[in-house]
Amino acid sequence: MYLVVYTVYVQLLVAICRQIIKEDKALVCQDWKDYIKPLLDSVSLELNPDFFTVDEYLAAKSLIASRSFQIDEYHGSGMVPLADLFNHKTAAEDVHFTSVSSSSESDTDTESENENENANDENSGDDEPVAPDFDSETEGFSEGDLELSSTSENKPTFMEMIMIKDVNAGSEVFNTYGSLGNAALLHRYGFTEPDNPFDILNIDLDIVVQWSSSLFSRRHSRRRLSLWRKLNLSGSGSEDSDYFEISFNGEPELELLLLLYVILLPEEKIQELGLASSSTSEVKETPSFLSNKDPESRKKELLTKSVCRALLSLADARESLYGRLNSLEEDVRLFNECCHAVDSKLYHSLMLRISERRILEKLRSFASSGAGNFRKNSQTRTRKRAKRT
């Protein structure tokens with residue numbers, strides 16, 4: 001029954017992906033009809049239609065989308081000459097960008113020194129290629145926003161490229177596009193990096209619900225999911241949280257552990273604590289998993305044997321989405337035989353799949369050892385949760 005449910009889920013997921021791709025292509029075609037075709041129909045322009053096909057438009061649109069910066073609400077996205085020349089290197093960039101107002105030019109040297117001291121903190125955004133924020137006089141490029149405020153009295157602004165380390169003559173100089181995992185890099189820019197420390201793995205809420213429904217009734221699963229949200233255990237308190245992140249070290253988010261714990265909590269315990277009520281104010285006794293503010297102690301309490309078994313089941317369910325054609329070892333073999341120059345799409349797809357499957361292996365190790373390795377993982381985790389695209 002469990003295998004049948006997930007087979008159907010995978011088929012549905014593939015169908016949804018195909019539909020999304022189809023809709024995206026339809027939007028591109030409509031853009032082409034709205035903006036490019038009228039130019040081709042213009043006799044005065046005498047454009048060669050071979051250079052303005054839908055495919056050519058899609059290629060140009062992809063290039064600009066991967067290199068443009070969000071300027072402001074009025075201008076939208078735009079190109080930033082020179083700033084888009086730099087390639088990305090994860091956590092090992094050579095250059096940072098700074099915007100400087102002409103009115104503060106005399107303070108540039110002092111402020112730039114301060115920025116270099118805090119460079120790593122300022123450039124840890126999770127979005128587009130690093131671009132400056134023009135809302136302040138001297139700000140580092142942050143989260144891909146090149147803010148040119150219409151209320152800044154049109155102060156002349158220029159941009160500085162600051163080397164933050166020595167680079168040998170003739171060597172490539174790298175920027176950073178942010179603290180992005182391989183999934184985000186591949187989706188936005190079309191490449192991946194080996195051993196990316198910002199890699200994550202997403203486990204959809206649907207997978208958790210499917211797992212729960214395979215053990216309990218659907219009514220039980222819906223009620224416990226609703227309780228998890230009513231108790232504000234879903235992080236932001238929003239019902240839009242539709243996935244959970246597994247860190248590079250294989251550590252699951254606290255919100256996922258809380259959901260699994262609530263799902264597996266015996267019904268008599270729910271009644272005893274008064275958690276079945278519709279309001280948190282009616283809870284008879286605040287359980288420690290709700291009141292404990294120390295993240296480490298809280299996670300140790302949540303990592304019961306049943307929760308750890310649930311994590312192992314979720315890891316298997318998540319890996320089943322890759323299909324059962326190849327093992328991780330086979331994927332590694334195919335990757336080593338793949339030539340990046342000949343088939344870059346296969347190369348980066350395999351890199352992403354291998355990265356995610358290795359995180360699944362770490363998740364299994366985490367679950368198998370219970371809370372024993374939480375301390376080590378929590379000390380090495382530095383990544384903030386990124387917004388999913």
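Which residues have the most contacts inside the largest nonpolar core? They are Val208, Leu260, Phe289 and Leu311, in a core of 41 residues. A nonpolar core here is a set of buried Ala, Val, Leu, Ile, Met, Phe, Trp, Tyr and Cys residues joined through side-chain atoms within 4.5 Å; buried means under 20% relative accessible area, exposed over 50%, partly exposed in between, with a 1.4 Å probe and protein chains only.

A note on the source. This is a predicted model, where local features need pLDDT of at least 70 and side-chain atom pairs count only at pLDDT 80 or more, while totals for chains, interfaces and linings use all residues. Residues are numbered from 1 along each chain as its sequence is written, and side-chain values use heavy atoms, leaving out hydrogens and water.

Helix α8 gives the most to it, nine residues. Helices (H or I, at least four residues) and strands (E, at least two) are DSSP runs, numbered from the N terminus. Of the 11 residues of α8, 254-264, 10 are buried, so the helix is largely enclosed by the rest of the structure.

Now salt bridges, meaning a side-chain nitrogen of Lys or Arg within 4 Å of a carboxyl oxygen of Asp or Glu. The structure holds 14. Asp331 pairs with Arg353 at 2.7 Å, N to O, and with Arg357 at 2.6 Å. The Asp331–Arg357 pair links helix α13 to helix α14, 26 residues apart. Both Asp331 and Arg357 are buried, whereas Arg353 is partly exposed at 22% relative accessibility. Through shared partners, salt bridges join Asp316, Glu319, Asp331, Arg353, Arg357 and Arg364 into one network.
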